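This report looks at selected features of one protein chain. Please keep the sequence and the structure at hand while reading.

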Amino acid sequence: RLQLSGDLDVPVAISNFLLRGSVLRNTPWIMGLVVYTGEDTKIMRNRGSARSKLSKIERTVNRLIVIVFITQFLLVVLSVIVNAV
C-alpha cells in the first residue's frame with residue numbers, strides 16, 4: 001500500500017501497473033509511482049532496432065540495381081552533351 005497525505009491509502013498491485021510503452025488515455029489526471037524492474041525484461045530486450053531481414057542475394061541485387069541506374073543516368077548525360085556539340 002502507498003500512503004499519501006494523511007489517511008489516503010492507495011493499493012499498489014499488479015492490476016494498478018501501467019507497463020512501459022503503454023498509453024493511458026481519457027483520464028483527467030493520474031498519480032504515478034516509478035518502479036524499476038531492470039534490463040532483463042521482455043520490453044527492454046526488444047527496444048533495439050530490428051535487424052535487416054534481407055538475404056545476401058537481395059542486398060547484392062539492390063546494389064547492382066543502383067549501379068545500373070547510375071550508369072544509365074551517366075550515359076544519358078553523356079549522350080546529351082555529345083548531341084549538343
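Does Asn26 count as buried or exposed? At 83% relative accessibility, Asn26 counts as exposed, since the term applies over 50%, while buried means under 20% and partly exposed lies in between, with a 1.4 Å probe and protein chains only.

## Basis of the model

This is a predicted model, in which local features need pLDDT of at least 70 and side-chain atom pairs count only at pLDDT 80 or more, whereas totals for chains, interfaces and linings use all residues. Residues are numbered from 1 along each chain as its sequence is written, and side-chain values use heavy atoms, without hydrogens and water.

## The loop residue Asn26

Asn26 sits in the loop between strand S2 (8-10) and H1, where helices (H or I, at least four residues) and strands (E, at least two) are DSSP runs numbered from the N terminus. The phi of Asn26 is near 55 degrees, a positive value in a residue other than glycine. Most residues other than glycine have a negative phi.

## The exposed Phe69

Phe69 belongs to helix H2 (residues 56-84), and Phe69 is exposed because its relative accessible area is 57%.

## The largest pocket's lining

Strand S1 (2-4) and helix H1 (42-45) each supply at least two residues of the lining of the largest pocket, and the largest share, 3 residues, comes from H1.
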